[in-house]
Amino acid sequence: MSFTQKLDGIVTKFAELEKKLLDPSALGQNFAKVSKEHSDAAPVVELIGEYRRAQKEIADINEILPATEDKDMRDMIESERFDLTKKIPEIEQQIKLSLLPKDVADEKNAILEVRAGTGGEEAALFAYKLFAMYQKYAEKRRWKFEILSISDTGLGGYKDASASINGRGVFARLKFESGVHRVQRVPETENQGRVHTSAATVAVLPEAEEVDIKIEEKDLRIDVFRSSGPGGQSVNTTDSAVRITHIPTGVVVSMQDEKSQIKNREKAMKILRSRIYDAERARIDKERSASRKEQVGSGDRSERIRTYNFPQSRITDHRINLTSFRIDGVMNDGELDEFIEALIADDQARKLSESD
């Protein structure tokens with residue numbers, strides 16, 4: 001099917017949807033579905049209209065230009081043709097991008113998990129910095145950032161921390177943050193001024209709802225125990241902490257931040273559901289393609305994705321070879337958009353090349 005035929009099909013389908021919406025009573029329970037299809041297609045149809053108007057204007061210019069003798073008028077018409085000729089490929093690119101298959105998880109909220117990796121206390125301090133960076137970024141986007149759990153080292157670092165991030169397009173913007181983040185800096189405890197390398201792992205999971213993945217109660221083993229602080233210090237004297245094991249997959253989630261067993265269970269189930277959903281998405285993605293690059297945006301966290309070099313104020317994303325020398329703005333103020341926009345553009349370009 002040619003590009004023109006594809007556009008004709010979209011416009012025809014849109015007209016059919018508009019016709020159906022004129023009689024909502026005839027649609028019954030399908031009204032919401034048809035209405036959504038119509039609203040989803042409207043921006044594409046608008047672009048197609050703009051694209052075809054520009055094509056017609058060029059055709060009209062080509063027809064009248066040979067008969068135009070006035071030099072100033074010819075110059076003006078040719079300038080207009082030049083602008084339109086430049087505009088058409090841009091609109092065509094927008095249309096192609098809008099027609100790419102959508103990731104159903106893109107509009108979901110997300111579960112963020114940050115864990116200290118190799119590097120001892122320095123890795124834990126870096127995990128703390130990363131977690132704070134994402135919290136700042138969420139504030140900038142006016143997303144709700146709710147801390148689910150924090151396991152600290154007692155020295156200012158985090159062994160691991162998780163949060164629920166709610167807002168518009170959260171997962172779409174954060175999904176490429178999953179991976180191993182490496183830091184190179186001189187630790188405060190280092191007397192010789194030597195640069196140490198350590199790492200932390202970031203996981204961004206689409207927050208799954210019960211309609212996305214059904215978990216049977218019989219598949220869960222739930223253990224309760226007393227919460228404890230750093231070094232085993234007792235936090236409370238009741239069995240409020242919860243450990244939930246999903247027997248079929250072996251996924252285990254523990255939660256002890258709340259004093260209420262019920263609240264700990266709710267938080268643990270939220271994370272458990274999202275981990276299982278993410279694993280299922282990764283399995284499907286892997287089946288679709290065996291290529292390593294296909295796994296970059298699908299939750300594969302086996303490779304280093306970004307390095308934060310403090311002595312040189314440099315951050316490098318190794319997937320797209322993008323380097324920024326604004327490490328303070330990124331880590332202290334959550335100014336991540338430069339990387340996120342570039343990663344989204346790279347993903348779109350790859351998908352466009354695969355669809356051609």
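Author: Buried means under 20% relative accessible area, exposed over 50%, and partly exposed in between, using a 1.4 Å probe and protein chains only. This is a predicted model, where local features need pLDDT of at least 70, side-chain atom pairs count only at pLDDT 80 or more, and totals for chains, interfaces and linings use all residues. Residues are numbered from 1 along each chain as its sequence is written, and side-chain values use heavy atoms, with hydrogens and water left out.

Reader: Why is Lys 56 called exposed?

Author: Its relative accessible area is 53%. The cut-off for exposed is over 50%, so Lys 56 is exposed.

Reader: What makes Lys 56 and Asp 60 a salt bridge?

Author: A salt bridge needs a side-chain nitrogen of Lys or Arg within 4 Å of a carboxyl oxygen of Asp or Glu. Here N to O is 3.2 Å, so the pair qualifies. Both residues sit in helix H3 (residues 31-64), four residues apart, about one helical turn. Helices are DSSP runs of H or I, at least four residues, and strands are runs of E, at least two, numbered from the N terminus.

Reader: How do you know whether Glu 113 is buried or exposed?

Author: Its relative accessible area is 5%. Buried means under 20%, so Glu 113 is buried. Glu 113 also forms a salt bridge with Arg 275, at 2.9 Å between the closest N and O atoms. Glu 113 lies in strand S1 (residues 110-116) and Arg 275 in helix H7 (residues 261-288), so the pair ties together parts 162 residues apart in sequence.

Reader: Why is Asp 337 called partly exposed?

Author: Its relative accessible area is 30%.
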